[in-house]
Structures are given as structure tokens and as C-alpha cells.
Amino acid sequence: MKRFPLACTCMLIAHAPFARSFENMMWFNEPPRWSASPSTLEFDVPANTDYWRISHYGFTVDDAPFLYAEYGGEFEAKVKISGNYKTRFDQAGMMIRVDCRNYIKAGIEYVGGKYNISVVVTHDTSDWSVIPLETPVKYIWIKAIRRRDAVEIFYSFDDSEYIMMRNAWMPDNCPVRVGVMAASPDGDGFKASFENLQVKHLPDSRRLEWLRQNTAPDEP
């Protein structure tokens, strides 16, 4: 009977690295008011903040709150997102960022009186794609999978069925900052909430391929 608690403890340790504590992450553009626990984060999004670079509008903005940790290699990340969006372009989501010229942000964006699943990919200049939703949603989950020089972006309404919405280039073999962001470009701000950020390391796909080609079969 004494061995069973030890086995349970080992299982918890094995899964612990997949969850990322908000309390131990770093701010870029720290908001004036925020609170965090290991599994939840809430903050007041400052007015007139955004991430965008040059295209269509002709200006560059890089001043919205972003809470992050740095990762190298390949990984899978996901997070649950919600917010009381009120004004055009109010947004909250996941961000994967190399620097001010290279980043991806994906989540919910309020445009034209509707919730939109939104992705902005920036490499020197920004582009923007949206999927309009006919009715508002209380939550959305965003998942990103980084493999080699590509990041696949998925969304889900139940954390069970994930739908792919974008495959975007990102520099290979380059550390990235992974975390959550929110912005209110045209509005007076709003409250954004995030839950259960998870970042799971994935074995390097090139190394796995090398092992398959260079490992001798077991002797009979």
C-alpha cells in the first residue's frame, strides 16, 4: 500500500512540465493592473495599444501587454482565452514572438460588431486573416504547434475538437517568446482573462529522422 502514493507522485511530476505558471513569466509592456495564479491570469488592457507593422495602415505599433516565457526548438502550446470585448479591434490571444519584426498573434478580435477568430502574421510587415463568428463565444482555445520553420495555428470551442486555421512561417532554430497578449487599438480598454497555458516540448523532428536512419535494428 505504501507504493501507490509514490506512483501517483511520479505521474504528477512527469506531467508538470506541460503546464506553464503565469506567476513565473515575464512582461513586455506590463499593464497597470493585473493578477495571476499558477493557472489563471487577468489584466486590464490599456487603451490605444496594439501589435501591427506597416502594411495597409502605414504605421507600426508594438505597445500592448504580452506575458511570456522563452522556448527553443519544437513545441505545442495552448491556452483558454476570454474577454469583455467592447470596441472595434479589441483582441486577446496567444502570441509567438521572435522580435518586433517577426511574430504571430492568434485569438478573438472584435470587428464590425462580431467576434472574429483572428490571426496576424508579421515578417517585416503584418498580414491579417479572420473567421467571423455568427454569435459571441464565452471562451476560445488557441493551440500552436511549432515544427521546423512552420507554426500551425488551431482553434477550439471545447478544448476537444481543434480546427486548423493557419500555417505560417517562422525562423527555424531560433528561440521564441510564447505567451498571451491583449490589445485595444481603438477603445478605452477592457478586461482579458487566460487560463491553463500549457507548453509541451516536442522532440526535434530532424533528430528523430536522423535516429531512424542511423540506428541499427536489434540483433536477433
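Thr49 is in contact (heavy atoms within 4.5 Å) with Asp63, Ala64, Pro65, Ala183, Ser184 and Pro185, leaving aside residues up to four places away in sequence. Thr49 sits in the loop between β3 (40-44) and β4 (51-53), where strands are DSSP runs (E) of at least two residues, numbered from the N terminus. With a relative accessible area of 6%, Thr49 is buried; buried means under 20%, exposed over 50% and partly exposed in between, for a 1.4 Å probe and protein chains only.

The model is predicted: local features need pLDDT of at least 70 and side-chain atom pairs pLDDT 80 or more, while totals for chains, interfaces and linings use all residues. Residues are numbered from 1 along each chain as its sequence is written, and side-chain values use heavy atoms, without hydrogens and water.

A nonpolar core is a set of buried Ala, Val, Leu, Ile, Met, Phe, Trp, Tyr and Cys residues joined through side-chain atoms within 4.5 Å. The largest nonpolar core holds 43 residues, of which Phe22, Ile142, Ile153 and Phe194 touch the most other members. Another core, of eight residues, lies apart from it and includes Tyr51, Ala64, Tyr103 and Met181. In soluble globular proteins, nonpolar side chains tend to be buried together.

The structure holds zero disulfides, a disulfide being a pair of cysteine sulfur atoms within 2.5 Å. The sulfur of Cys100 has its closest cysteine sulfur in Cys174, at 13 Å, and this is too far for a bond. Cys100 is partly exposed, at 38% relative accessibility.

Notes
Helices (H or I, at least four residues) and strands (E, at least two) are DSSP runs, numbered from the N terminus.
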